[in-house]
Amino acid sequence: MAVFGGMTITIKGLALQGKAQAGAKLEYTRVAIGDGSLNGQSMPALNGLISQKMVLPITRIRAQPPNKATIGSVLDNSGVTSGFYFREIGLFATDPDIGEILYAYANSGVTADYIPPGGGSDIIEKVFDIDVVIGTAANISAKIDDSLVFTQKKEFLAHVDNATAHITAAERTAWNTSIPRAEKGAVSGVASLDANADVYDEQIPPNIARKATEITKSATDLNTITTEGEYLCTSNALAVTFLNMPPTKTAFHLKVSKHAGFNQTFTTFNTVATGGDRLRMYTRNFYGSTWGEWVEIENTNSKNVANGYAGVDANVKVPRANTYNSLGGISALSNLDTAYTAGTYSVNANATGTPSSGEYGQVMINVSQGETHNDVNWIWQMFFGTAGNTFVRRKVNNGAWFPWVPTWTGNNDSVLLMTKSALTSGTDFNTLTANGIYSMSTYTGLVNAPSNIEYGVLIVMKTDGASPYVKQEATNVVTGVTQTRFRTGSLTWSAWKTNETTNNKNVAGGYVGLDSVGAINVDKVVAPKVRTGSFFRKYLGSFTTTPDVGNEKLDIIFPDVLSGYVDVVLSSNYGYQPAFGQLRKRFSFHAGDINTGTIHFQETMYVETIGAISTAYAMSDLFYDSASKTFRIRISKLQVSNGNPIQVYIEGMGGTNTFADNFDKATLNSNVITTDSTVYPLPVRTFVKPTTFKDPVTTETGSVRNYAGIQYKYHNVVGYSTTGGLTGTVKITMPKTWSSTMLRIKINGYDYTAGKGAWELTIGAYNYVSTPAWTSANAFAEGNLPFTSVRLAHDGTNNCILLGGLTTVWGITSLEVSEVLASFGGLTGWEKGWQAALITSETGITNVLSPAISYGNANTLNGYTTSTTATPNTVALRDSKGELAGVSSTLVKANDMPIEYSASGITVLEYNVTATDQTLTVSVYLTLLKASNITIYLQYTDPRLGMYDYEICPSKLLARDAHVFVPAFIRAKSGTTVRLYVVHSEETNPAYVTASIGKG
């Protein structure tokens, strides 16, 4: 009789057992037997039977507390064709990560039983059990062949004696009317209920809508809503507090769906179809660790509206109203002789085939019977030159191009004006769109005709083809009055306008003529504004504030985009309180989008502050009012007592005539504002760059540049020089204390000492007011500094910069703080108050920060940036391990890693193979402080043969020593993981492993 001596769990079985104890499912799949002999092989290292002969089904599984399970199977020789010795047996299970594995193995050696072939007189049928260790795994199962399940005698007798298993008639009736537990949550069964007696979400069919969850918490972050389902918010006021909302912040419905990540679909509550409050939908995705941007889902509410999409009409065409009028093409041509495809194109200068050499512009190409000329159809080209000339030419079939001819003399000319018949009663002028000259009489019933028609002439001028643009010009031959109107691209007619004639020169309601020297008589001028090219000057009017009432302001309104500069000038008289003089503020800016209010650049300064008005009023910078979609400048009364009428005019120059026109649209708001509590600073005159000024007290010089109120740049704030031979610290005292200002300070200097010369030091730092402390500081230099350190500090009153130290010896040196760039906070007040001196004591100096000085740009080399990764076109920088990416052979390593007791193995190293197969070398060094049983495995996937568990150190007792093993040289498949792990069977004996995986 075979003696197996118990099952041995394999290495992979131990790993699976560990996963099962952590909660994974432990499922046995089959039993296999064979006649293989071990011949010295390690049973834990086996991945399958040595010589498999039969696969046996699992017929039963039963847990045997506390840590075992019994697996039953049946051996039947009816299907055996060739007898064999039943020497080895294996139990297989499913690993959730790598599939089916050999879980446990046993071998009876020389005690094996012989299994004869079936069909003879020897009929063998054995029912046997396999006991295996499962540890504390709670979720175990097996794939059982129900057709081969046998009841053992002891089980049958136990069942007969079990009174609980046999029920009464009443119990049977109750049982027959109950719902089997097996149907709970099963297919075609009944739904399960959770602790709240609700059906689980996963058991609800997709065609049954879930009840949406209402979000009622203020400031809810939509980034945190990732549970699949539907949500709603019924309050606009609540919705505006939410974070990471789409642009439309209103009450909404939100649906969260799962894919490889998550999707959120957001629908507003609105019901209207058009306008800003129309129904809108947005969606975005979450994948990995990143939320995408919200994007709007177009719907019919966005059809044919601004920033929406164009729909097609009944003829499946995009309506004219939804297209641009410009015919400018996007492709540029360099040879018109070979331009055969219909369309509109720009023409390069010096292109071949143009009407005249060197002329460029645009060409419109028409082709008969198709899109491209093929020497069978006809082709026309019409050229629009930049000089204003228009030419046309044609090519017929495979003939040559005809010469270019001006459109007014060419072979295909059509007469611009043709004499038409006289107009009859009831004629609607809106229908007169064909080119021509029409006679008019005093007929009745004319529709949409000009006023006061008697006898006259109507000239109709229309652009080519189906273009909608039409001009009508009607002249009354009796009075000589000419009236004109136009039809636009939207087929809308303008009102009739009367043309000016010399009859209206210098008369009321007419126009002003020039005198004999080409000038306008001054008695004919009442002009609130002046325009010459892009220069403009406009009187906006006057306003009066209320005496003894504070906080009164008034706005100058600009309703369109602006670019250029404008001076706003205020003046008044000596009335209720003195307000005479002139207050002039200059604004230089580019405000390029009236819909978003973006101000791309702005610089302002007071250029005149003369008289009492300079202390009575002030002006804001240009700002955007989103409610009215206008740009504005606010005038503020500074003194409560003032109540004089203030005159306002503007003058300046637009970047173009169009911008000058927009400046001319400026108006003075008649409504006094009392709700703005902003206190504007007293106007201070600024000297226009590049003029510098000298402070009579401090003898400092400097200039200030304001970048839209976001940052200020100060120049030439303080200088210092030494005569040589002095020892100490050069202290540069700043004019301010802690102010939460981000500062960039440039110090230039010259040292007469040989080998020194010109130098420059740039310091960047943030003087954080809350701590207080200097933070985020750096310093870099060019040239040879006459000192070796720089410190940022505080002297008890103000911030300061310390150059060198108390032992620094200074030669003949001069230096200057040439630039100070202030941003973020505390922007103003840096232009004066700086001091520089040599100190021999640093008593009272606190909050010291010493940034290291880097010379040149330490982060680049000849313009190439540094990188710790193998990135093209970068300078290699050693990483935290002192290695160069792409050069060092070591990919991963572990130093002196302690290995505790572990029957299933402890991972020392893992390396994920890149997108291509790699040749690798794995080296291991082992230190044992006591003799221990150690097994070291290398698990990897060969590109052709699949997964391997290679024993770098087979399981055996190793002495107390340092052990060096032969490196494993392997080829690993792309996209797989190389794993080095150690099985240590001694609980108290310490072991330490040093290992590395490197390039082969």
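Helices (H or I, at least four residues) and strands (E, at least two) are DSSP runs, numbered from the N terminus. The structure is a predicted model, in which local features need pLDDT of at least 70, side-chain atom pairs count only at pLDDT 80 or more, and totals for chains, interfaces and linings use all residues. Residues are numbered from 1 along each chain as its sequence is written, and side-chain values use heavy atoms, with hydrogens and water left out.

Asn77 is located in the loop that links strand S5 (68-76) to strand S6 (84-86). With a relative accessibility of 2%, Asn77 is classed as buried (under 20% relative accessible area, with exposed over 50% and partly exposed in between; 1.4 Å probe, protein chains only). The Asn77 side chain lies 3.3 Å from the backbone oxygen of Pro116. Beyond neighbours within four places in sequence, the contacts of Asn77 (heavy atoms within 4.5 Å) include Ile115, Gly118 and Asp122.

Strand pairing (at least two bridges found by DSSP between two strands) joins S21 (residues 361-367) to S22 (residues 378-385) in the antiparallel sense, over 7 bridges. Within this pair, Gln362 is bridged to Phe384. S22 and S23 form a hairpin with 4 residues between them, and Gly388 in the turn has a positive phi of about 95°.

Notes:
A polar contact is a pair of N or O atoms within 3.5 Å; within protein, one must be able to donate a hydrogen and the other to accept it, and residues adjacent in sequence count only if both atoms are side-chain atoms.
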